Amino acid sequence: MLNFPLLERTLAAHGVTLDREALMRLDLYAERLIETNRRFNLTAVTDPDEVTVKHFADSLVLLGKTELPAGASLLDVGTGAGFPGLALKLARPDLQVAFLDGTRKKLGFISSVLEETGLAGETLHLRAEEAGKQPKYREKFDFVTARAVADMAVLVEYCLPFVRAGGLFFAMKSAAAEEEIQNAAGAVRLLGGKTEQNLLFDLVENTPRRIVFVRKISQTPPKYPRASAKIAKSPLK
Ligand code: SAM
């Protein structure tokens with residue numbers, strides 16, 4: 001299913017190499033994604049080359065842009081069918097990856113791929129703004145990722161509460177997100193974050209992508225995250 005040469009070539013340009021076992025696990029994931037997608041909607045992208053680049057390379061490129069130490073904990077917020085969280089787990093089984101989404105069916109899909117590949121990972125069927133209030137999850141993760149989940153000001157309120165002091169949140173965004181990122185500068189500060197990098201790069205030719213690195217420099221004030229309706233109605237400024 002996956003186009004291995006395309007995946008390896010694309011990732012090599014960003015300094016990422018995958019071993020044979022990782023490629024096999026990722027291929028099984030891609031197969032299950034397309035099969036399951038026939039029964040319920042997991043992805044709009046189904047062409048093998050597009051899946052390879054737009055889902056898999058786009059998720060795994062993170063490994064070339066930062067160092068995730070062995071055994072680090074990572075929460076993928078709004079993971080959907082598992083991007084980037086499940087792709088990262090299958091490439092780097094040493095990471096302790098947890099998967100959060102408000103939709104149970106998608107988490108069921110992730111659990112089945114983990115089971116089939118013999119790997120473990122916690123799935124959290126919760127809204128981010130609820131989970132972020134729970135002591136079990138609040139300020140507990142070394143790293144948090146989110147791709148295609150919400151506008152930056154809303155996204156940092158969802159995600160920064162999960163990051164431990166000194167940890168990092170990676171917002172995986174489109175190239176067009178510059179303005180929403182600028183508009184979220186106040187929210188980042190208010191929630192205890194500091195934007196360290198706003199990295200714009202070509203994933204492949206003419207495919208610009210962006211990863212924003214937000215460092216957690218102090219605790220998130222207890223009143224955040226606010227209730228869903230408040231976040232939607234008045235995003236932080
Ligand atoms: N990250 C995946 C990707 O890049 O393919 C999925 C993106 S999909 C467009 C957005 C996902 O975020 C959906 O699965 C949705 O259920 C989830 N989501 C959105 N807001 C959420 C929230 N507040 N709490 C939990 N999940 C949320």
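Q: Looking at F143 and F170, are they buried or exposed?
A: Both F143 and F170 are buried, where buried means under 20% relative accessible area, exposed means over 50%, and partly exposed lies in between, using a 1.4 Å probe and protein chains only. This is a predicted model, in which local features need pLDDT of at least 70 and side-chain atom pairs count only at pLDDT 80 or more, while totals for chains, interfaces and linings use all residues. Residues are numbered from 1 along each chain as its sequence is written, and side-chain values use heavy atoms, with hydrogens and water left out.

Q: How many aromatic pairs does the structure hold?
A: There are seven aromatic pairs, counting rings of Phe, Tyr and Trp (its six-membered ring) whose centres lie within 6.5 Å; planes under 30 degrees apart count as stacked, over 60 as edge-to-face and the rest as tilted. In one of them, F143 and F170, the ring centres are 5.8 Å apart and the planes meet at 15 degrees, so this pair is stacked. The pair links distant parts of the chain, since F143 belongs to strand β4 (residues 141-147) and F170 to strand β5, 27 residues apart. Strands (E, at least two residues) and helices (H or I, at least four) are DSSP runs, numbered from the N terminus.

Q: And how do the rings of F170 and F213 sit?
A: Their centres lie 5.2 Å apart with the planes at 85 degrees, so F170 and F213 form an edge-to-face pair. Here too distant parts of the chain are linked, with F170 in strand β5 and F213 in strand β7, 43 residues apart. F170 is buried with a relative accessible area of 0%, and F213 is buried as well, at 3%.

Q: What does T66 touch?
A: Leaving out residues up to four places away in sequence, T66 touches L168, F170 and F213, where contact means heavy atoms within 4.5 Å. T66 lies in the loop between α4 (62-65) and β1 (73-77), and T66 is buried, with a relative accessible area of 18%.

Q: Back to β7, why is that strand largely enclosed?
A: Seven of the nine residues of strand β7 (residues 208-216) are buried, so the rest of the structure largely encloses this strand. Strand β5 (residues 163-174) runs antiparallel to β7 and is joined to it by seven bridges, while nine bridges join β7 to strand β6 (residues 193-202), again antiparallel; two strands pair if DSSP finds at least two bridges between them. Across from V212 in β7 stands A171, and across from R215 in β7 stands K194.

Q: How many residues are between β6 and β7?
A: Five residues lie between β6 and β7, which form a hairpin, and N206 in the turn has a positive phi of about 60 degrees.

Q: New topic: which residues of α6 are buried?
A: The buried residues of α6 are L107, F109, I110, V113, L114 and T117. Seen down the axis of α6, they fall within an arc of 155 degrees, so they line one face of the helix; the arc is that of the directions from the helix axis to the C-beta atoms. On the other side of α6, R104, K105 and E115 are exposed.

Q: What covers that buried set in α6?
A: The cover includes α2 (20-37), α5 (85-91), β2 (96-101) and β3 (123-125). Just after α6, G118 takes a positive phi of about 75 degrees.
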